[in-house]
Amino acid sequence: MAQLQITDLHVEFGGLRAVDGLDFEVEKGEILCLLGPNGAGKSTTLDLICGKTQPTGGSIRFEGMEISQMQEFRRARLGIGRKFQVPSVYKELTVSENLSVARSRRPGILHALTRFALSDGRAVAPILERVGLESKADDLAGNLSHGETQWLEIAMLIAQDSRLILMDEPTAGMTIQETARTADIFRALSDSHTLIVVEHDMSFVRTVADRIVVMNRGAMLAEGTIAEIESNDDVKTAYLGH
Amino acid sequence: MTSRLFYDLVALVIFALVIVLGVPAIMGFDGFELNTFARYLALAIVSLALALSWGGAGLLNLGQAATFGMGSYAMAMHLKLKASGDGLPDFMGWNNVPELPLLWVPFQSLAFTLLAGLMIPAFVGGLIAIFMFRARIAGVFVAIITLAFLVAFQLVVIEQQGITGGQNGLTGLAPLSLPGWTVDTYGVGFYYLVAGCLMVAITLGIFITHSKFGLILKAIREDADRTRFFGYNVANYQTVIFCISAALAGWAGMLYTLVLEFASPTYMSVSFSLAIVIWCAVGGRESVLAAAIGAILVNMLEGRLSDVFVEGWNLILGVIFVLVVMFMPRGLHGLIGSGWQIITGKAGKPGMRPVDTGAAALPAKSAQER
């Protein structure tokens, strides 16, 4: 059984059907890239999976469990993590504090009350090293450069250790070298995690994607490997117009 | 132990020495003088209670005086019953109340009273919190709702004259009888009782601030939505800190009744609630110790100045508040932090946070620099 099954998903915003009868499945350990022209409903689909938006119809099943009406923190506890398009680190907290918040294996209040704020320090140190932020551990996240902020976000996703990670344009604003390094990290992550990535950078998609789903007007237009997608006539029409 | 926790504990020890030895020495261990200072210490507890919810979690509770008043009345009801012996409290007779109201009966017991002074505020605070935070109410709306509750609660207390003593409050109280010790409000022992309570409250506050719970609250303060996506039940976290804050306010209220030897509905007034906000802002809302010191300093100042400017005192307090908000938004605590940064020349050390706009004003370096 697929890890994530999306069936006949619908959402409407004041008459606009942002997602309109979407169906797809994601297998465990897969990197799935979501492509599509602007307004195709890619980000909305991620919002629906993580609970930021409530669907008006259809079903989302994660590891066999229906989650489409579940509160977002419950979905996160089940193992769904999300990286947003706009970098969203806690600017008033230090880098290591950000990671401690992200490391939320036991999100209960009693557990949190009986631990010091940085009790996760040892556990998150290797993650900091992996993204090259170990020298910035005590810096405020608000003082990081744009690139470092992106790395911190990725480090937070690793610390959260979700089984399914949803990424919205993870390489936006990155240099070619940084993008390549991100691709390496994604490849390493996919051993134990499933990733759904919305991305416009086609060279990045070529490097990481196991499978691609192309969306148009809220529904699936095509699905397959990169070669299949690049030769698909419907996709060319959707991108280039009639 | 992190360095920030270490600094806070050192500051607490210094503060404790000043309160336990310094102040009584200056006052010549005189019980009457110390009684005035005990009043400041009781108010310091309610100020630090607000710092936990406002500074720690970004929840500005303008109804703090209501929970303070509940604690205060709980203690006063117990002491009034003790003072009335087997008879009814005197004001009930004037209001034609035939027998002791059911609400009053359990307050015969000291144990119940002490528990109720903490638990009733916590329960009421928790109830309001559940409704607010489940509905994801945040920011200024929290302030408005809690303020509205405070006004309504004070009206009810004044209105129910037969039970609460109405506008007059509860006066003519007996001294508190603990097992083996009858508390003399004008004794040195009483001062140490209040000082001890304050130390316990500050220690509790410091550990909450430095726990992972405190860290998650800071994260919620900055971005509640993001924190939800890490799996934290944001509404529960907010509700718990609201309850803790309300219980501490109730505790302060109980001590306040002991200091002044009466309970009055003015403890639940809007102006008192706003005064708490000012103490907390002057000291620095991000640190419980700073908030406590803020309460002590402002009240000392009030003690000196209100004799001279009887009517004008509130105006002076207002000006202080405006100046603090404009020029030191993080209070004395923030000022000391910035001063320390300048002296050591180490900007961006942990614990020394840039002033509110500082972080946002820093230019976002381009990714190419890496």
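**Note on the predicted model: chains A and B**

1. In this predicted model, B:I14 is placed in helix α1 of chain B, a helix that covers residues 3–26. The residue B:I14 is exposed, because its relative accessible area is 51% and exposed means over 50%. B:I14 and B:L301 stand 287 residues apart along the chain, and 22 Å separates their C-alpha atoms.

2. Chain A holds an open sheet of six strands in the order β6-β7-β8-β3-β9-β10, and the pairing is mixed. Its edge strands are β6 (80–83) and β10 (219–224) of chain A, each of which pairs on one side only. On average, and with direction ignored, neighbouring strands of this sheet are turned by 20° against each other.

3. Within the sheet, strand β3 (residues 31–35) of chain A runs parallel to strand β9 (residues 211–216) of chain A, and four bridges join the two. Opposite A:L35 stands A:V214 of β9(A). In a regular strand, side chains alternate between the two faces of the sheet.

4. How do β9(A) and β10(A) run, and how many bridges join them? The two strands run antiparallel and are joined by five bridges. A:I212 has A:G224 of β10(A) as its bridge partner. The hairpin of β9(A) and β10(A) has two residues between the strands, and in this hairpin A:R217 takes a positive phi near 50°.

5. Two helices of chain A may be described against these strands. Helix α1 (residues 42–50) of chain A lies across β3, β6, β7 (164–168), β8 (194–198) and β9 of chain A, and runs at about 150° to β7(A). Helix α10 (residues 233–240) of chain A also packs on the sheet, where it touches β3, β9 and β10 of chain A. The direction of α10 makes about 130° with that of β10(A).

6. A packed pair of helices is described by the angle between the axes and the distance between them. For helix α3 (residues 95–102) and helix α6 (residues 146–160) of chain A, the angle is about 35° and the axes are 8 Å apart. The crossing in which α3(A) passes α6(A) is right-handed.

7. Which residues make the contact between α3(A) and α6(A)? From α3(A) they are A:V95, A:N98, A:L99 and A:A102, and from α6(A) they are A:L152, A:A155, A:M156, A:A159 and A:Q160. By class, this contact of α3(A) with α6(A) comprises seven nonpolar residues, two polar residues and no charged residues.

Technical notes:
Residues numbered from 1 in each chain as written. Chains lettered and ligands numbered in written order. Predicted model: local features only at pLDDT ≥ 70, side-chain atom pairs only at ≥ 80, totals over all residues. Heavy atoms only, no water. Axes fitted to C-alpha atoms, helices over the stretch in contact; angles between N-to-C directions. Left-handed = near helix turned anticlockwise from the far one by under 90°. Contact = heavy atoms within 4.5 Å. Nonpolar A, V, L, I, M, F, W, Y, C, P; charged D, E, K, R; others polar. Buried < 20%, exposed > 50% of the residue type's maximum accessible area, 1.4 Å probe, protein only. Pairing = 2+ DSSP bridges.
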